Amino acid sequence: MFNDKRSKKIVFVAHCVLNQNSKIDRCGRYPGAIIEVTQALISSGVGIVQMPCPEMLALGLDRQVERSKPTTIESEDERVAQSMQLKENRSICRQLAADLIRQIQDYQKNGFCVLGILGMNGSPTCGVETRWGNLQEEIGAGVFIQSLRDQSESAQISLPMRGIKAQEPEAALKTLHYLLNL
């Protein structure tokens, strides 16, 4: 089955890798996709699965910012990080992770190779090695990536997970090449 030209290789990517328009205000570094990473993904011939953005689903595109209050990127990151720790938002992350685990299992059941997950370091939700919390970027996974880790472990799925930063395109490409086994 599936004996055609497809590579049967898949990478799951954080929503904002392919859509910088989903980022919080003042954090979009590209007009659309992160060009270097997206071009490398397309050139590699892997299938690209865009993961949903838990922050958008839980808080909306504006992340429920209070427009009358002065903000900084840091204050907004902190507010979003705290909001995503709320029980109902953690629940959204767990449900999204469960949905992705089912997709991954289906790909694997049908002989596809899921190469890994590409997250966004520094994000309170999609950070892999680092997340925003306690008024700074800190070591640890964001709430969504941690849910993915927990559920992949429960399902006995071993997946490499790596994070990138849009402002570090050369390092992002090295990380991507690691996931793609290049």
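Helices (H or I, at least four residues) and strands (E, at least two) are taken here as DSSP runs, numbered from the N terminus. The model is a predicted one, in which local features need pLDDT of at least 70 and side-chain atom pairs count only at pLDDT 80 or more, while totals for chains, interfaces and linings use all residues. Residues are numbered from 1 along each chain as its sequence is written, and side-chain values use heavy atoms, with hydrogens and water left out.

On a 1 Å grid over the protein atoms alone, a pocket is an open set of points where a 1.4 Å probe fits, with protein on both sides within 12 Å along at least five of seven lines; lining residues have an atom within 4 Å of a point. Grid points are joined across faces, edges and corners, and a volume is the space filled by probe spheres set on the points. The second largest pocket has a volume of about 270 Å³. Its lining comprises 19 residues, of which Gln-85, Arg-90, Gly-142, Val-143 and Gln-146 are the closest to the centre. Helix α6 (143-154) provides the largest share of this lining, five residues. At least two residues each come from α4, α5 (87-109), β4 (130-133) and α6. For classes, Ala, Val, Leu, Ile, Met, Phe, Trp, Tyr, Cys and Pro count as nonpolar, Asp, Glu, Lys and Arg as charged, and the others, Gly among them, as polar. On that basis the lining of the second largest pocket holds five nonpolar, eight polar and six charged residues.

Helices α1 (15-18), α3 (54-59) and α4 (73-84) each supply at least two residues of the lining, and the largest share, three residues, belongs to α4. Twelve nonpolar, seven polar and nine charged residues make up the lining of the largest pocket.

Attention now turns to the interior. A nonpolar core is a set of buried Ala, Val, Leu, Ile, Met, Phe, Trp, Tyr and Cys residues joined through side-chain atoms within 4.5 Å; buried means under 20% relative accessible area, exposed over 50%, and partly exposed in between (1.4 Å probe, protein chains only). The largest nonpolar core has 49 residues, among which Phe-12, Val-37, Phe-144 and Leu-148 touch the most other members. Helix α5 gives the largest share of this core, six residues. In soluble globular proteins, nonpolar side chains tend to be buried together. With contact defined as heavy atoms within 4.5 Å, and residues up to four places away in sequence not counted, Leu-148 touches Met-51, Ala-97, Leu-100, Ile-101, Ile-117 and Met-161.

Ile-101 is also a contact of Ile-157, together with Ile-104, Gln-105, Gln-108 and Ser-152, leaving aside neighbours within four places in sequence. Ile-157 sits in the loop between α6 and β6 (161-164) and is buried, at a relative accessible area of 10%. Although Ile-157 and Ile-101 are 56 residues apart in sequence, their C-alpha atoms are 8.6 Å apart in space. Asn-89, placed in helix α5, counts as buried because its relative accessible area is 5%. With neighbours within four places in sequence left aside, Asn-89 is in contact with Ala-58, Leu-59, Ser-83 and Met-84.

Charged pairs come next. Taking a salt bridge as a side-chain nitrogen of Lys or Arg within 4 Å of a carboxyl oxygen of Asp or Glu, the count comes to ten. One of them joins Asp-99 to Arg-102, at 2.2 Å from N to O; both residues lie in helix α5, three residues apart, about one turn of the helix. Asp-99 is partly exposed at 29% relative accessibility, and Arg-102 is partly exposed at 46%. Another salt bridge links Arg-131 and Glu-138 at 2.9 Å, N to O. Here Arg-131 is partly exposed at 27% relative accessibility, whereas Glu-138 is buried at 17%.

Finally, two backbone angles deserve a mention. Asn-134, in the loop between β4 and β5 (136-139), has a phi near 55°, a positive value in a residue other than glycine. Asn-134 is exposed, with a relative accessible area of 58%. Lys-8, in the segment before β1 (9-13), has a positive phi near 60° and is partly exposed at 23%.
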